[in-house]
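Please take a moment with the sequence and the model shown below before reading on. The paragraphs that follow go through a few places in turn.

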Amino acid sequence: MENGEIPENANEHCPGPQSNSAGKSDSCEGCPNQQICATAPKGPDPDVVAIAERMATVKHKILVLSGKGGVGKSTFSAQLAFALAAMDFQVGLLDIDICGPSIPKMLGLEGQEIHQSNLGWSPVYVESNLGVMSIGFMLPEPDEAVIWRGPRKNALIKQFLKDVYWGELDFLVVDAPPGTSDEHISIVQYLDSGSIDGAIIVTTPQQVSLIDVRKEVSFCKKVGVQVLGIVENMSGLCQPVMDFKFLRMTETGEQIDVTEWAREHLKERAPEFLNIIACTEVFDSSGGGAERMCREMGVPFLGKVPLDPQLCKAAEEGRSCFVDQKCRVSAPALKKIIDKMMENQGLSRMLVDNDA
């Protein structure tokens, strides 16, 4: 328990050896360290001071959260980082999803490793102004499962914050795991909620996702983190008509691919359809979706991003959706959301003022 570290063999919800309830709370029952924690001298964690010194060179810190997994949170984090870097900001992307680190793939950095210098751990760079840190760079095999209890996850998050040398950053985007677990408590505690600009929460339109987003909003309010806004992702499937696959269903249920016939038919008989974008609902949004929930909870609604197969492909290939015209359905929606978030917070103006 050197420097107040939570021991690896601690119980899952260990309050920490420096806590006044260490060794005394219900979560300490049966822990092999219970007696030591109960009698050990208490004091401030020196690592918190080291983290504050590291973070002093980071102007803005943004958490990206979600109530459920699979809603596109990491895709949004990756594209947010790409977008900010394209605006010539210095950007860091920190992946604290310890058990499901997908950020290395989404940034095209699979197979990269962390290097250490006399200044600390060096992020892996996509561009000179976009650095990334993730446990995904530390796994011996890409398919290796991370089977860790809370204390060990918390220790790695602390190490990321304390030992990674980011240099001067305009933005640090933190991609958190779904839910409100130990990782979320740790990042807020170590960064100090007052120094976090806020959180963007990603959801899908249906109620089963929004139920958990309400809990995420409640978490932010309880720990003092401002909700910068809610993003409704996968808000209907949208893509050009000519990108669809066309099938004919037989009486026996067999599907026959008639894509080439349908496309040729459209070209010859209805050429005006060639530039049409087709959209359809994927999830039930009859309850009003994220926009209605935002009105009810008094938090900003940043906008909707359609389910765009081209955006999914960009994420799989580890590239920005903003560099070409392939993501012509989703890229404008994402850009509008990012611009709105920055305008709401006055971030563009603040950065210009700080640089002046």
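Leaving aside its neighbours within four places in sequence, with which residues is Thr 259 in contact? This is a predicted model, in which local features need pLDDT of at least 70 and side-chain atom pairs count only at pLDDT 80 or more, while totals for chains, interfaces and linings use all residues. Residues are numbered from 1 along each chain as its sequence is written, and side-chain values use heavy atoms, with hydrogens and water left out.

Thr 259 belongs to helix α8, residues 259-269 (helices are DSSP runs of H or I with at least four residues, strands are runs of E with at least two, and both are numbered from the N terminus). Beyond those sequence neighbours, Thr 259 is in contact with Phe 244, Lys 245 and Phe 246, where contact means heavy atoms within 4.5 Å. Thr 259 counts as buried because its relative accessibility is 7% (buried means under 20% relative accessible area, exposed over 50%, and partly exposed in between, with a 1.4 Å probe and protein chains only).

Two packed helices are described by the angle between their axes and the distance between the axes. Helix α3 (residues 73-86) and helix α11 (residues 330-345) pack at about 70°, and their axes are 11 Å apart (axes are lines fitted to C-alpha atoms, for helices over the stretch in contact, and angles run from 0 to 180 degrees between N-to-C directions). The two helices α3 and α11 are therefore roughly perpendicular to each other, a term for angles of 65 to 115 degrees, whereas under 35 counts as roughly parallel, over 145 as roughly antiparallel and the rest as oblique. On the α3 side, the contact is made by Phe 76, Gln 79, Leu 80, Ala 83 and Leu 84, and on the α11 side by Leu 334, Ile 337, Ile 338, Met 341 and Met 342. By class, this contact of α3 with α11 has nine nonpolar residues, one polar residue and no charged residues (Ala, Val, Leu, Ile, Met, Phe, Trp, Tyr, Cys and Pro count as nonpolar, Asp, Glu, Lys and Arg as charged, and the others, Gly among them, as polar).
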